[in-house]
Amino acid sequence: MGTSYVCMLPTSKNYGRYALFKESGNIYTTPPVGETLSTNDIPNFLGKEAATTVEVWGDAKPSYKFITSIRDSEMVDNFKNELKTFYWDLNEYGNKLYFSRFDNENSQKIEKGTKWENYSEWYIEIKDTP
């Protein structure tokens, strides 16, 4: 098994330019719509932190927040991989949040009969603005 994830949230940059990693309090910002720091050779992965909950919002409606979480760190092998949880500045128009389970570069053999029970969720929080 190579690259894998237990949860992924794609967003447009209009509604998902910022990502708050709740455990650390770190906020990561991607370039605005029409810009990206990712290239064909270098993806712009932000964060790479041990986080089970991430809040995402953008410039279009900052009162709209997407809160995405996984049940626990066991779902991602206790964050042993390099990518952990990361926010990808995918291209000029979109970003993606990943809760990663395995490293990209190091394949891991999964034994026959292995079973995982994973749980992830997301919800949108909309706050009234004055």
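How many of the residues of strand 5 are buried? Open the model, which is a predicted one, and select strand 5, residues 53-57. Five of its five residues are buried, so the strand is largely enclosed by the rest of the structure.

**Stop 1**

Show the side chains. On one side you find Thr53, Glu55 and Trp57. On the other are Val54 and Val56. Both faces are covered.

**Stop 2: the partners of strand 5**

Pick Ala19: its bridge partner in strand 5 is Val56.

Follow the chain from strand 5 to strand 6: the two form a hairpin, with six residues between them.

**Stop 3**

Select Lys48 in strand 4. Its phi is near 55°, a positive value in a residue other than glycine. Lys48 is partly exposed, with a relative accessible area of 34%.

Move on to Ala50. This residue sits in the loop between strand 4 (44-49) and strand 5. Is Ala50 buried, partly exposed or exposed? Ala50 is partly exposed, because its relative accessible area is 41%, which falls between the 20% and 50% cut-offs. Leaving out residues up to four places away in sequence, Ala50 touches Glu23, Phe79 and Lys84. For a distance check, pick the C-alpha atoms of Ala50 and Glu121. They are 17 Å apart, with 71 residues separating them along the chain.

**Stop 4: the loop between strand 6 and strand 7**

Select Asn78, which lies in this loop. Asn78 has a positive phi of about 55°, although it is not a glycine. At 43% relative accessibility, Asn78 is partly exposed.

Next, select Asn81. Asn81 is buried, at a relative accessible area of 3%.

What does the side chain of Asn81 reach at 3.0 Å? It reaches the backbone oxygen of Ser100. A polar atom of the Asn81 side chain also lies 2.6 Å from the backbone nitrogen of Lys84. Finish by showing the contacts of Asn81 beyond four places in sequence: Val76, Ser100, Arg101, Phe102 and Asp103.

Key:
Residues numbered from 1 in each chain as written. Predicted model: local features only at pLDDT ≥ 70, side-chain atom pairs only at ≥ 80, totals over all residues. Heavy atoms only, no water. Helix = DSSP H or I, 4+ residues; strand = E, 2+ residues; numbered from the N terminus. Buried < 20%, exposed > 50% of the residue type's maximum accessible area, 1.4 Å probe, protein only. Contact = heavy atoms within 4.5 Å. Polar contact = N/O pair within 3.5 Å; in protein donor to acceptor, adjacent residues only side chain to side chain. Pairing = 2+ DSSP bridges.
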